[in-house]
Amino acid sequence: MSLSHKTTLALSSLALVTASLFPVSSVLAQGAINTGLSDTATAATLNTGNVDVVATIATYIKALLGLVGVVFLVLAIYAGVLWMTARGNEDHVTHAVDILKNAFLGLALIFLAYAITNFLVTQIIQGAGVQ
């Protein structure tokens, strides 16, 4: 696979992941339209009240952490395949080990950042007296 194909594949993957993180919603210029969705949601005993912003952000963070886990898994499998197919070539083994080390380091940094952010936000909320 040539470098331009790899670059195109990487940029396409990045664009797809970025686009999936930002939901697209339609904009209606006219007033509220009664589509019956509220009635259906009420009949299905779903909450139709105000949406909690914190819960929405937490949902996005959980989805992002799941995506990080998938990326780590793919990198770990890729490094393992490279290592197994190295056939004694030290350069390939070194490259595979570097990918594996960097994948673990990235995973550790992401979860450390999450832990620190979670701790700080919890302390700020408790300090402000917000429930």
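Guide: Welcome! The largest pocket has 14 lining residues, and Ile-57, Ile-61, Tyr-114, Thr-117 and Asn-118 lie nearest its centre. The model is predicted, with local features needing pLDDT of at least 70 and side-chain atom pairs 80 or more, while totals for chains, interfaces and linings use all residues. Residues are numbered from 1 along each chain as its sequence is written, and side-chain values use heavy atoms, without hydrogens and water.

Visitor: What makes a residue part of the lining of a pocket?

Guide: A lining residue has an atom within 4 Å of a pocket point; on a 1 Å grid over the protein atoms alone, a pocket is an open set of points where a 1.4 Å probe fits, with protein on both sides within 12 Å along at least five of seven lines. Ile-57 is among the residues lining the largest pocket, so it has such an atom.

Visitor: Which elements give two or more residues to that lining?

Guide: Helix H3 (53-84) and helix H4 (90-128) do, and H3 supplies the largest share, eight residues. Helices here are DSSP runs (H or I, at least four residues), numbered from the N terminus.

Visitor: What share of the protein chain is called buried?

Guide: Of its 131 residues, 9% are, because buried means under 20% relative accessible area (1.4 Å probe, protein chains only).

Technical notes:
Buried means under 20% relative accessible area, exposed over 50%, partly exposed in between (1.4 Å probe, protein chains only).
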